[in-house]
Amino acid sequence: MSMPRARPIANVWKRKPSLRVKRLKPQSTRKSIKGRLCAGPFFFCASACHPFTTLAAYRKLLGSRGKRRMIRRRHLVLIAGLAVGAVTAATAEEKPLDTLLGQLRGGGGPNSVERQVPSSADEVRMSYAPLVRETAPAVVNVYATKMARAQRSPFEGDPFFDQFFRRSPRRSLRRSSSLGSGVIVDSSGLVVTNNHVIEGADEVRIALHDGRELEAEVMLRDESVDLAILKVENGEALPFLSFADSDSMEVGDLVLAIGNPFGVGQTVTSGIVSALARNHVGVSDFNFFIQTDAAINPGNSGGALVDMEGRLAGINTAIYSRSGGSNGIGFSIPANMVRAFLAAAKAGETRFERPWLGAAFSPITRDIAEALGLDRPRGVLVAEVIANSPAEVGDLRAGDAILAMDGRPIEHPDALGYRLATHPIGEPATFRVLRDGEEIDVVCTPTRAPDLSSNAILLEGQQPLAGANVADLTTALSQRMNLKGRPSSGAVIVEVSPGSIAESYGFRTGDAIVELNGSRIDDATTLQRLVSEGARFWRIALVREGRTFRQMFSF
């Protein structure tokens with residue numbers, strides 16, 4: 001975001017030649033008559049309590065006889081009359097002087113709020129200390145180390161310039177480390193953290209609350225939800241945090257954030273839940289975060305967001321900041337999502353698989369909401385239903401508007417994605433659907449997505465895509481791979497062989513090849529035929545995370 005251009009300070013504060021700065025004179029101890037007259041309103045208020053003493057004090061304030069002549073007699077008469085009237089009113093209401101003074105101080109009135117000091121030493125000493133003592137031992141530090149080749153050029157790593165550096169002499173290795181936080185969620189030694197904390201690491205270690213360091217093994221990691229499960233062997237039960245029901249949290253609930261910011265050591269900050277179901281955060285494919293104002297800084301990634309019952313409410317993941325420090329806007333992955341991810345790791349899954357419904361969805365805009373008869377834009381619109389999918393079996397139709405799932409309101413497609421991700425595979429789900437102006441319930445049973453990569457084609461030969469397995473880009477495959485911005489046609493890379501030419505040129509799983517040497521790619525067979533023809537120069541257009549890239553390679 002561009003910042004407005006600031007005007008130079010010298011121009012803002014430049015003094016005009018005609019102006020001169022005048023030094024202020026010391027204030028005289030003798031008060032002017034005008035100043036004494038301005039004290040009249042004060043003496044009028046005080047006269048309501050003690051009129052005669054106030055009158056005498058006012059006359060004394062007037063000073064000598066010469067100056068007294070400047071005050072007309074009617075001023076004294078007016079003040080005396082007002083004082084007598086105030087005394088008469090007070091006498092008529094029979095209110096003691098103390099009551100009147102109490103009302104002037106703001107207390108004793110019928111609408112005043114009674115304020116009390118702490119009645120006991122226990123109330124004075126109230127703090128989060130007992131809660132921290134209970135939960136802090138389950139939060140650990142995560143150290144990730146990886147070996148990387150030192151780059152000699154800023155262009156290395158780019159698919160186009162890699163062709164010039166791929167055959168360069170072997171470069172020396174350097175060790176790089178990253179620091180984050182983690183939470184023990186099982187006494188056997190299962191630790192949850194963010195995927196970006198340990199991504200690409202060759203060695204992962206954790207430091208317990210008591211200072212011991214243990215080697216950790218990565219059981220399961222997923223970049224799309226930015227979570228990872230680590231396993232440590234300790235030989236004894238470790239302290240852990242149980243999960244809270246993040247769906248029951250409300251805006252305003254008190255929370256604690258525990259982690260290791262900037263590597264200074266374990267730190268606890270407090271705050272509230274600022275918002276729920278935040279989407280479009282942009283840190284991962286998962287867009288359903290808890291927002292908190294508890295201070296979260298670099299190094300807190302993977303740390304715990306704890307509720308007031310000492311349970312894990314979320315995993316701290318990201319912050320919104322222009323300076324790199326906390327601005328009071330932090331985001332945490334809800335505990336229910338973490339629980340589903342942990343269940344997949346305990347089941348021995350090698351990848352986190354979300355339940356598959358077999359339908360494509362789009363947001364409901366203001367115009368669509370008006371056409372459907374909704375009071376406001378909410379829910380998701382069913383854009384497409386795949387044949388023989390759980391959605392078709394459950395009679396979910398294109399054009400339906402899903403308003404709720406299992407009693408939970410659905411406001412946007414990201415909310416539906418979160419509800420499906422946390423729903424157990426193979427269990428029925430009830431959808432509240434608006435169809436033809438009437439709300440009905442549709443029951444569907446999400447299943448595992450079909451494995452469509454078995455029909456993938458391995459590209460071979462001396463060309464940039466050698467070693468890539470590609471398949472036809474279909475709705476079912478794009479949902480299984482959670483592709484963003486899916487083009488209408490193309491061939492998607494479902495796997496890249498380690499050490500292959502495609503890997504060295506920077507191609508990734510999920511890249512959709514849509515054009516090769518000026519020819520449109522309709523399916524994987526078309527791509528295989530074009531690469532088999534060979535060429536000296538290769539012009540490739542691909543879609544990655546919704547963005548189109550065009551590269552040229554020589555081979």
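Colleague: Which residues does UniProt list for "active site" here?

Modeller: The unreviewed UniProt entry lists His 196, Asp 226 and Ser 301 for "active site". Although they are spread over 106 residues of sequence, they cluster in space, with a largest C-alpha distance of 10.3 Å. Please keep in mind that this is a predicted model.

Colleague: And what's listed for "binding site"?

Modeller: For that label the unreviewed entry gives His 196, Asp 226, Gly 299, Asn 300 and Ser 301.

Colleague: Where does His 196 sit, and is His 196 buried or partly exposed?

Modeller: His 196 belongs to helix H11, which covers residues 195-198, and His 196 counts as partly exposed because its relative accessibility is 37%.

Colleague: What about Asp 226, where is that one?

Modeller: Asp 226 lies in the loop that runs between strand E5 (213-222) and strand E6 (227-232). Its relative accessibility is 5%, so Asp 226 counts as buried. The phi of Asp 226 is near 60 degrees, which is a positive value in a residue other than glycine.

Colleague: Switching to helices, how many residues of H12 are buried?

Modeller: In H12, 9 of the 12 residues are buried, so the helix is largely enclosed by the rest of the structure. Among the buried residues are Met 337, Val 338, Phe 341 and Leu 342.

Colleague: How far apart are the end C-alpha atoms of H12?

Modeller: They are 16 Å apart, which agrees with the 16 Å that the 12 residues of H12 (residues 335-346) should span at 1.5 Å a residue. Just after H12, Gly 348 takes a positive phi of about 80 degrees.

Colleague: How many salt bridges does a search of the whole structure find?

Modeller: That search finds 21 salt bridges. One of them pairs Glu 349 with Arg 448, whose closest N and O atoms are 3.1 Å apart. Glu 349 lies in the loop between H12 and strand E13 (359-363), while Arg 448 lies in the loop between strand E18 (438-444) and E19, so the pair ties together parts that are 99 residues apart in sequence. Glu 349 counts as partly exposed at 27% relative accessibility, and Arg 448 is partly exposed as well, with a relative accessible area of 42%.

Colleague: What do the side chains of Asp 400 and Arg 435 do?

Modeller: They meet in a salt bridge, at 2.7 Å from N to O. This pair links distant parts of the chain, since Asp 400 is in the loop between H14 and strand E15 (401-405) and Arg 435 is in strand E17 (residues 429-435), 35 residues apart. Asp 400 counts as buried at 2% relative accessibility, and Arg 435 is buried with a relative accessible area of 12%.

Colleague: Which residues are linked with those two in a network?

Modeller: Asp 395, Arg 397, Asp 400 and Arg 435 are linked in a network of salt bridges.

Colleague: Now strands, which ones are joined to E20 by bridges?

Modeller: Strand E19 (residues 457-458) is joined to E20 by 2 bridges, and the two run antiparallel; in this pairing Ile 457 has Val 470 as its bridge partner. E20 is also joined to strand E21 (residues 491-496) by 5 bridges, again antiparallel, and here Ala 468 has Val 496 as its bridge partner. Strand E20 (residues 468-472) is mostly covered, with 4 of its 5 residues buried.

Colleague: Last topic, which residues form the nonpolar patch on the surface?

Modeller: The patch is formed by Tyr 128, Leu 254, Ile 272 and Met 308, which together have about 310 Å² of accessible area. Tyr 128 is in the loop between helix H8 (121-124) and helix H9 (129-135), and Tyr 128 is partly exposed, with a relative accessible area of 33%.

Notes. Residues numbered from 1 in each chain as written. Predicted model: local features only at pLDDT ≥ 70, side-chain atom pairs only at ≥ 80, totals over all residues. Heavy atoms only, no water. Patch = residues over 30% accessible without salt bridge, like charges linked within 9 Å, V, L, I, M, F, W, Y side chains within 5 Å. Areas by Shrake-Rupley, 256 points an atom, 1.4 Å probe, with all protein chains shown as cover. Salt bridge = Lys/Arg side-chain N within 4 Å of Asp/Glu carboxyl O. Buried < 20%, exposed > 50% of the residue type's maximum accessible area, 1.4 Å probe, protein only. Pairing = 2+ DSSP bridges. Expected span 1.5 Å × (residues − 1). UniProt positions renumbered as here; feature names shortened; annotations may be inferred.
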